[in-house]
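Subject: Structure handover

Hello,

Here is the structure I promised to pass on. Please open it first, then read my notes below.

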Amino acid sequence: MATWMDLTFQDSVSPLMEFMMFFHDHVIVILSLICFISGYLLYMSLSNRFLFKTSINSHLTELIWLFMPALILIFVSLPSIKILYLLENSKSPAVTIKTSGHQWYWSYEYSDFWNIEFDSYMLPYENLEQFRLLDVDNRTVIPMLTRIRFLITASDVLHAWALPALSIKMDAVPGRLNQIMTYLYRPGLYYGQCSEICGVNHSFMPIVLEVVSNEEFKKWVSTY
């Protein structure tokens, strides 16, 4: 999870977040090269007192101005298309969880299991062993190394179900189901919050995802 003065991404726990971090670094390298080359050319043009006649009406320069942005867009678009495909890929999920946003709590329903449904409220801050404004009374438990599908909606106003470590941010819209797939390869607790202003208690809608092994998940399911 994010900590004080943390200026980098959270540690990734899903392939989607890995691709997002790679895409970020990829774009930053391209932007850095563009800024460096543009700054160098601007400095040379301002510091040089001579005028090159061949550059005023040069067809070669115009071709370079035309094709270089196109090549840059291709290098940026190819990784982003792959990420968009991964976002929309919803083949054969092993577990489906319906998430509903309310003012001001979340409710979860495990569609593949009988009678597993609960509400998740923020815990009051009482001791230093819990994270302020982030812990909940009922955590969302999911198995690791398993394809999970989240169906996200809302019952009253717009919400947004967001978990930065998983690179998930999906709008919860009343009367509409949005879906997103994820696959987690590391157990632990992962925190998120509602990311759409939904009223006076918008800041008090935390999300806690508890990722466990398949054996522990089966034990948790058997308790219901």
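Start with the rings: Tyr-108, Tyr-110, Phe-113, Phe-118, Phe-217 and Trp-220 are linked by ring pairs into a cluster. Rings of Phe, Tyr and Trp (its six-membered ring) pair if their centres lie within 6.5 Å; planes under 30 degrees apart are stacked, over 60 edge-to-face, and the rest tilted. The whole structure holds eight aromatic pairs. In one of them, Tyr-110 and Phe-118 have ring centres 6.1 Å apart and planes at 35°, so the pair is tilted. Both Tyr-110 and Phe-118 are buried (under 20% relative accessible area with a 1.4 Å probe, protein chains only; over 50% is exposed, in between partly exposed).

A note on the source: this is a predicted model, where local features need pLDDT of at least 70, side-chain atom pairs count only at pLDDT 80 or more, and totals for chains, interfaces and linings use all residues. Residues are numbered from 1 along each chain as its sequence is written, and side-chain values use heavy atoms, without hydrogens or water.

Now the strands. Helices (H or I, at least four residues) and strands (E, at least two) are DSSP runs, numbered from the N terminus. Strands pair if DSSP finds at least two bridges between them. Strand 1 (residues 95-102) has seven of its eight residues buried, so the rest of the structure largely encloses it. Strand 1 pairs with strand 5 (residues 147-154) in the parallel sense, over seven bridges. There, Thr-99 stands opposite Ile-152. Strand 1 also runs antiparallel to strand 2 (residues 105-110), joined by six bridges. A hairpin of two residues connects strand 1 to strand 2, and His-102 stands opposite Tyr-105.

Last, the helices. Helix 1 (residues 15-47) packs against helix 2 (residues 59-88) at about 170°, with axes 10 Å apart. Helix 1 is therefore roughly antiparallel to helix 2 (over 145 degrees; under 35 is roughly parallel, 65 to 115 roughly perpendicular, the rest oblique). Axes are lines fitted to C-alpha atoms, for helices over the stretch in contact, with angles from 0 to 180 degrees between N-to-C directions.

Best wishes
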